[in-house]
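This report describes selected contacts and surface features of one protein model. Please keep the sequence and the structure in view while reading.

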Amino acid sequence: MAAASSSDYNGCGAESNEANSKWLDAHYDPMANIHTFSACLALADLHGDGEYKDRIDPLTLKEMLESIRETAEEPLSVQSLRFLQLELSEMEAFVNQHKSNSIKRQTVITTMTTLKKNLADEDAVSCLVLGTENKELLVLDPEAFTILAKMSLPSVPVFLEVSGQFDVEFRLAAACRNGNIYILRRDSKHPKYCIELSAQPVGLIRVHKVLVVGSTQDSLHGFTHKGKKLWTVQMPAAILTMNLLEQHSRGLQAVMTGLANGEVRIYRDKALLNVIHTPDAVTSLCFGRYGREDNTLIMTTRGGGLIIKILKRTAVFVEGGSEVGPPPAQAMKLNVPRKTRLYVDQTLREREAGTAMHRAFQTDLYLLRLRAARAYLQALESSLSPMSATAREPLKLHAVVSIWVQGLGPTFKLTLHLQNTSTARPVLGLLVCCLYNEALYSLPRAFFKVPLLVPGLNYPLETFVESLSNKGISDIIKVLVLREGQSAPLLSAHVNMPGSEGLAAA
């Protein structure tokens, strides 16, 4: 029934048939009418008989618990409940059903995961970690449903990842609705680290010591637990779901991502291991033991279909054919022109006189640096720079010329913008002096005082310039900023005056 359900893409980049595929098509039902998410899909031994079954949540909580009680040979234990990833409203009702005094009945649970109590007792019931609408994380005792720990977050959590043991040390990573991921430890009431994402998260998976985050920008990001970004991989389509692939026999942990283009991609860090093509976009993923098979992949599609694949025992994931390496365009041959006679002669000359050419280049480079240093020193000594070079006089000068036409002859308005760049100290006792050619221009205010300069403000100082030449000749006006009692200017600026078109036309 599932022979044509999906195709496999090996690490070398070519599609293969079922004989060369890493997966066996066990079951495909496009009319299963199952609509769920990865958080509501689990593989577990609910009845303790050694048979691992898939548990999907299409029922209400009450019907699910009644069906489990009817089919179980022994009374339902709390240990079985930690495998049930329930809908938010149903999980809220489940918690409120216990009427715990430590949990408010109005609490809305947004996400949930489990935390191992310790490693000494393998059969010990794991703690429940709940994220609530009240921007809190609650660690609950699953037997008494009492709060063991409470942590506050700046936003509502939507994805949770836990590592460690509650009795020893553990870390909580919570992806929230504000687009940030917060890292908390056992003794911390508030987040210790914060990872700021550029887009909203769509999934959070922990692979060894790396947090893998999927975002709405169609990309996977890898972070450390301290918030340092390790890598980024761009996806060919939008990410719909994510989950962990853990192959215990080979010690492999990888991330499975279901994309909107009907692909399921498997990554180990940023290396692409495998691509599975499905007839419809996958909305939920679950990998684990199913029946007698240790490595089974269960998928549900957007249209409600159910796909079950079994990983071959001889399958080995290789990182050789990922998309992280050089782009395909790098392997294309360039249309290089043929070598001309001039090119060959130039190559021979460079080969024979390479040492002399290098020495000449270094000499010219040192001369250029020397001239630049001398010009910079001269500008500092003569205050030719528009910014002050001393910390005692933190000033900045900017000159702008605007034309103001009056009658037949143009009159220029010269605007000087003077700014005190100090952070707290005002400047007082400054003068402005304009040096110009008296045969070409006339300034009614060629020398005037500057008011008190408050730090950070821009002061426009205006004066008028009258052009005296009727030949359209223009010149430079030097603007100097002086300190009272000092002859050396603090700042200087050269203003290139425009030509007097009005007098030239007359």
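## Salt bridges

Glu133 and Arg177 form a salt bridge, and their closest N and O atoms are 2.9 Å apart. The term denotes a side-chain nitrogen of Lys or Arg within 4 Å of a carboxyl oxygen of Asp or Glu. This pair links distant parts of the chain, 44 residues apart: Glu133 is in the loop between strand 7 (127–132) and strand 8 (136–140), and Arg177 is in the loop between strand 11 (169–176) and strand 12 (180–185). Strands (E, at least two residues) and helices (H or I, at least four) are DSSP runs, numbered from the N terminus. Glu133 is partly exposed because its relative accessibility is 33%, and Arg177 is partly exposed at 42%. Here, buried means under 20% relative accessible area, exposed means over 50%, and partly exposed lies in between (1.4 Å probe, protein chains only).

The model is predicted: local features need pLDDT of at least 70, side-chain atom pairs count only at pLDDT 80 or more, and totals for chains, interfaces and linings use all residues. Residues are numbered from 1 along each chain as its sequence is written, and side-chain values use heavy atoms, with hydrogens and water left out.

A search of the whole structure finds seven salt bridges. One of them joins Asp25 to Lys309, with the closest N and O atoms 2.2 Å apart. Asp25 in strand 3 and Lys309 in strand 24 are 284 residues apart, so that distant parts of the chain are linked. Both Asp25 and Lys309 are buried. Another salt bridge is formed by Asp294 and Arg289, whose closest N and O atoms are 3.6 Å apart; Arg289 is partly exposed, with a relative accessible area of 35%.

## Aromatic pairs

How many aromatic pairs does the structure hold? There are two. Rings of Phe, Tyr and Trp (its six-membered ring) pair if their centres lie within 6.5 Å; planes under 30 degrees apart count as stacked, over 60 as edge-to-face and the rest as tilted. Trp23 and Phe287 form an edge-to-face pair, 6.3 Å centre to centre with 90° between the planes. Trp23 lies in strand 3 (residues 23–29) and Phe287 in strand 22 (residues 282–290), 264 residues apart. Trp23 is buried because its relative accessible area is 1%, and Phe287 is buried at 11%.

Trp23 and Phe317 form a tilted pair, 6.5 Å centre to centre with 50° between the planes. Phe317 is in the loop between strand 24 (306–311) and helix 4 (341–352), 294 residues from Trp23. Both Trp23 and Phe317 are buried. Trp23, Phe287 and Phe317 form one aromatic cluster.

## Cysteines

A disulfide is a pair of cysteine sulfur atoms within 2.5 Å. By this rule, the count is zero. Cys433 is in no disulfide, and the nearest cysteine sulfur, that of Cys434, is 6.6 Å away. Cys433 is buried, with a relative accessible area of 15%, and Cys434 is buried at 4% relative accessibility.

## A nonpolar surface patch

Leu428, Leu452, Val454 and Leu457 form a nonpolar patch on the surface, with about 340 Å² of accessible area together. Patches are made of residues with over 30% relative accessible area and no salt bridge; like charges are joined within 9 Å and nonpolar side chains (Val, Leu, Ile, Met, Phe, Trp, Tyr) within 5 Å. Accessible areas come from the Shrake-Rupley method with a 1.4 Å probe; for residues, only the protein chains shown count as cover. Leu428 lies in the loop between strand 26 (409–420) and strand 27 (430–435), and Leu428 counts as exposed because its relative accessibility is 54%.
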